[in-house]
Amino acid sequence: MTEPQIDYAAVFRALPGMVALLTPDLVYADANEDFLRLAGRSREHLVGRYIFDVFPENPNDPAAAGMRETRESMLRAVTTGERDTMALLRYDIEDHQRPGHWQEHYWSPVNAPVFGPDGQVTLIVHRVEEVTELIRAFGGPGSDSRSRVLEAELYTRARELQEVNERLRKAHAHERETALALQAAMLPPPGPTGQHGAAVRYRPAIGALNVCGDWYDLVELPGGNLAIAVGDVVGHGLPAACVMGQLRSALSAACRVADGPAPALEALGLYARSVEGAESSTAATTFVDWDDHSITYSCAGHLPPALLHPDGTVTFLDQATDPPLGARPEHLTRHQARTVFVEGSTLVLYTDGLIERRTEDIDASLSRLADTLTHHRHSDPETLADALLADLLPITGNTDDTALIVLRL
């Protein structure tokens with residue numbers, strides 16, 4: 001069956017309700033018929049012009065803040081890539097036929113991003129619903145009637161809501177900055193790994209509340225061997241960053257004294273029970289023995305490490321996976337497994353933000369990872385780490401933390 005040919009430009013112009021398209025610089029790209037009619041402007045008067053040149057703020061309203069709030073909402077949509085819904089807004093419009101004469105208007109605006117093929121915001125959909133008549137209709141005619149009281153009450157509550165939302169956004173942004181600073185301090189670049197190249201990456205989630213639960217670590221063991229670990233705390237934000245720091249430090253210490261990754265994770269699991277917010281955190285730990293070319297590994301509810309062989313095949317180290325940290329009421333011995341590697345192989349540890357997608361099962365996610373590793377098998381660790389992030393993270397930005405370690409064996 002042949003798909004119908006749809007004229008989307010015609011559909012846009014016929015959309016019910018006021019809808020306009022603006023560039024990220026807030027310049028009008030188009031507007032539908034309802035927008036032009038209700039705003040009292042022609043398409044030629046809008047397209048190519050800055051929004052606030054077309055609709056300046058009423059200079060006679062000392063409490064006017066519509067221009068600032070509208071601009072900030074649109075720029076948030078561009079910066080975050082997320083829809084931004086505004087509270088009820090008063091924004092008066094100058095009569096195009098009578099300069100200097102302003103008409104009182106109330107609007108309910110929503111700003112949404114439109115993404116290009118490269119994942120960048122290319123347009124803003126600006127949809128507004130005029131509610132001026134609704135505001136005025138509460139009690140019928142008469143400026144001294146109960147309708148004016150209700151109008152003022154509704155508008156005041158809407159402005160209060162807008163101010164509360166703005167304070168919340170600033171608080172969340174401050175928490176994100178603090179958590180990321182703490183994360184950066186606790187996740188330094190890898191130390192010396194001899195002739196074996198290593199690369200580490202941490203990518204925070206795009207949302208203000210979805211950061212700082214993931215970690216990585218490389219620990220030099222006695223005899224010149226190496227322990228590599230990644231982990232993921234269930235929570236988000238600053239509390240998760242604090243828990244992450246405690247678990248990472250505890251595992252780093254445990255790896256230095258334990259005789260294998262499983263005993264190290266057992267000790268970490270016992271410690272996690274005493275740390276609020278650490279329950280059900282996950283971790284994967286590998287011990288690399290350079291002398292006998294072996295990897296001993298253990299996973300606590302975590303996705304399996306990937307071993308990329310020189311011929312491009314990929315083996316997932318999934319033979320020693322137990323429940324997450326502190327998930328069992330009693331203490332049980334954890335399992336570990338051992339595999340050998342040949343020189344030139346690459347070990348990759350990662351957290352779920354790199355591959356998991358809500359729309360696919362985990363086998364498909366692991367298959368995508370394997371395909372990407374095979375495709376870039378000749379890359380050095382730094383190049384491979386960048387390629388994994390570029391190929392596997394969504395172009396619109398990752399919605400969960402991502403920690404990654406790439407080690408050339």
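Let me begin with a term: a residue is called buried under 20% relative accessible area, exposed over 50%, and partly exposed in between, with a 1.4 Å probe and protein chains only. This is a predicted model, in which local features need pLDDT of at least 70, side-chain atom pairs count only at pLDDT 80 or more, and totals for chains, interfaces and linings use all residues. Residues are numbered from 1 along each chain as its sequence is written, and side-chain values use heavy atoms, with hydrogens and water left out.

Helices (H or I, at least four residues) and strands (E, at least two) are DSSP runs, numbered from the N terminus. In helix α10, the buried residues are Ser365, Leu366, Leu369, Ala370, Thr372 and Leu373. They lie on the same side of α10, because they cover an arc of only 165° around the axis; the arc is that of the directions from the helix axis to the C-beta atoms. Asp363 and His375, on the other side of α10, are exposed. The cover over the buried residues of α10 includes α11 (381-392) and β18 (346-350), through contacts (heavy atoms within 4.5 Å).

I turn now to salt bridges, each a side-chain nitrogen of Lys or Arg within 4 Å of a carboxyl oxygen of Asp or Glu. The whole structure holds 12 of them. Arg201 bridges to Asp386, with the closest N and O atoms 3.0 Å apart. Arg201 belongs to strand β9 and Asp386 to helix α11, so the pair ties together parts 185 residues apart in sequence. Arg201 also forms a salt bridge with Glu382, at 2.7 Å between the closest N and O atoms. Arg201 is buried, at 13% relative accessible area, whereas Glu382 is partly exposed at 39%.
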